[in-house]
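Please examine the sequence and the structure shown here before reading on.

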Amino acid sequence: MDLRHLRVSREQDAPIYLQLYRRYREAIATGKLLPGDRVPSVRSLASELNLARGTVETAYQILTSEGYLVARGAAGTVVSPRLANLPEPGTARTAGRSVHESPRLQAVSSEVLPFQLGLPALDAFPRKVWARLAGRSLRTLGTVAMTYPDPAGYEPLRRAIAAYLGISRGIICSHEQIFVVAGYRGALELVCRTLLQAGDLGWYEDPGYIFARQYLELAGMRLEPVPVDEEGLNVGMGQQCAARARFAVVTPTHQSPMGMALSLPRRLELLEWAGRRRAWIIEDDYDSEFRYHGRPLPALKSLDRDGRVLYTGTFSKVLLPGLRLAYLIVPVSQIGRFRDVVDHLPGPGSILPQAMAADFMEHGHFARHLRKMRALYATRRGYLVNALAQTIGDRLHVQPQAGGIHVLAHLNARRSDKSLAAAAQARGLAVTALSSWRVRKSSQGGLLMGFANFATAEDAVAAVRRLKAIF
Ligand SMILES: Cc1ncc(COP(=O)(O)O)c(C=O)c1O
């Protein structure tokens, strides 16, 4: 393979792994690399480009998780053959979609792999109710919903979200503080455009949710990795390393991916720091609805006396990621600034899914669906945990977690979680290495596994048996 088009530069603003990732995406989208083409091994590319192996490994991990590359074990890593249906270079725009988007959509949407992270139980989506609501929405849409939509989101949905958050998350807010956005990244985009500037420094949990980290880096933010321990984000360390940060991104209810809750003393310490430094806290409350032991913890936002917390929630886990519906709650003092920005942006898209989600919530379906899903996930979690214990309990142990829709299994022996995950991926198992979500090195490796789509105990056992082979 000709490596000239993969050249990266230390002078550019973007981190090297991101530059390398983008070069690959470009090479695939423009046909310089074709489906099935073999890419150089991590070792040889690192030596050819004079980069650290970890840098190349991170870029390859992202490309693999997004479906551009597929690891084939001893046969090496290749450009995914499933990208064969990509439009010919140069013709893509006529199909109405940019060439850069296509491979990802195609690869991500075609099938659900065992252990895939981030997906709710697709077989339990309430199709019948949803179909009824779709018909009803279409029949009854008023003029407001048929003309240009409010870019802050459909008002009845914003009201329904405000009511829901008051009851379930202890957040008292008006619908005017709520902005409906296209997924969590939509919320981050709005915060970046309204309150932050390129070059601003922020705390980011280490390990932490890799896709939001990428997004913020792409938006020009500088991120300081702040370690998490058994009490969640180590606020003291954040203050030591980057006291002057302008913002902090946290997952207080269920740290992503480790699973602990941010302790109350840490919550108060974080709020005190933000109030004193006039910094912003972005609270990512992505899966707080699913908790199997104890009472759900109130959101950090419910303790926010100084108006420093920007709260984000999503419908991706409680309904479907395909809906692309999420929301951002801003402090009362900032409503005007957010309004000014949002009025110049495209907003969250079509009104229909928003109208249906509003009806779903207002008519009590949402509360019922959540109750059902909590019980279902507790059962499915049990399927996976038992299968792991019975089949490869000597190789790994599951870290206890009170909630969420994935498990984290630590390795009993010192082995590279990245190579194990790569071997699993080569067998069509979507296991993710904990260390690929870390910035700083740690001896504590682990495997992240989604369980929401194991419909039976047998499904879980069959997948875990396949996983056994990688040990
Ligand atoms: C930590 C975390 N935050 C937020 C989200 C939600 O992202 P989105 O709303 O874009 O689906 C996810 C989804 O997997 C997540 O894992």
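## Ligand surroundings and domain contacts

An oxygen atom of the ligand is placed 2.9 Å from a polar backbone atom of tyrosine 184. This distance, like every other value in the report, is computed from a predicted model. Aspartate 284 has a polar side-chain atom 2.6 Å from a nitrogen atom of the ligand, and lysine 317 has a polar side-chain atom 2.5 Å from an oxygen atom of the ligand.

| Residue and its atom | Ligand atom | Distance |
|---|---|---|
| Tyrosine 184, polar backbone atom | oxygen | 2.9 Å |
| Aspartate 284, polar side-chain atom | nitrogen | 2.6 Å |
| Lysine 317, polar side-chain atom | oxygen | 2.5 Å |

Which residues surround the ligand? They are Gly183, Tyr184, Tyr209, Ser256, Asp284, Tyr286, Thr314, Ser316, Lys317 and Arg324.

The description now turns to the division of the chain. The protein is divided into domain 1, residues 4-109, domain 2, residues 141-364, and domain 3, residues 367-468. Between the C-alpha centres of domain 1 and domain 2 there is a distance of 31 Å.

Domain 1 and domain 2 also touch: eight residues of domain 1 are in contact with six residues of domain 2. The size of an interface is often expressed as the accessible area that is lost when the parts come together. For domain 1 and domain 2, the area buried between them is about 560 Å², with 53% of it on carbon and sulfur atoms.

How many salt bridges are found across the interface of domain 1 and domain 2? The rule finds zero salt bridges there. One residue pair in polar contact is found across this interface. On the side of domain 1 that touches domain 2, helix H1 (16-29) and helix H3 (53-65) each supply at least two residues. Helix H1 gives the most to this side, with three residues. By class, this side of domain 1 has four nonpolar, one polar and three charged residues.

Salt bridges do occur in the model, and the count comes to 15. Side chains of opposite charge can pair when their charged atoms come close.

Technical notes:
Residues are numbered from 1 along each chain as its sequence is written. This is a predicted model: local features need pLDDT of at least 70, side-chain atom pairs count only at pLDDT 80 or more; totals for chains, interfaces and linings use all residues. Side-chain values use heavy atoms; hydrogens and water are left out. Domain bounds come from an automatic or database domain assignment. Contact means heavy atoms within 4.5 Å. Buried area is the accessible area (1.4 Å probe) that two parts lose on being put together, summed over both. A salt bridge is a side-chain nitrogen of Lys or Arg within 4 Å of a carboxyl oxygen of Asp or Glu. A polar contact is a pair of N or O atoms within 3.5 Å; within protein, one must be able to donate a hydrogen and the other to accept it, and residues adjacent in sequence count only if both atoms are side-chain atoms. Helices (H or I, at least four residues) and strands (E, at least two) are DSSP runs, numbered from the N terminus. Ala, Val, Leu, Ile, Met, Phe, Trp, Tyr, Cys and Pro count as nonpolar, Asp, Glu, Lys and Arg as charged, and the others, Gly among them, as polar. A residue is near a molecule or strand if one of its heavy atoms lies within 4 Å of it.
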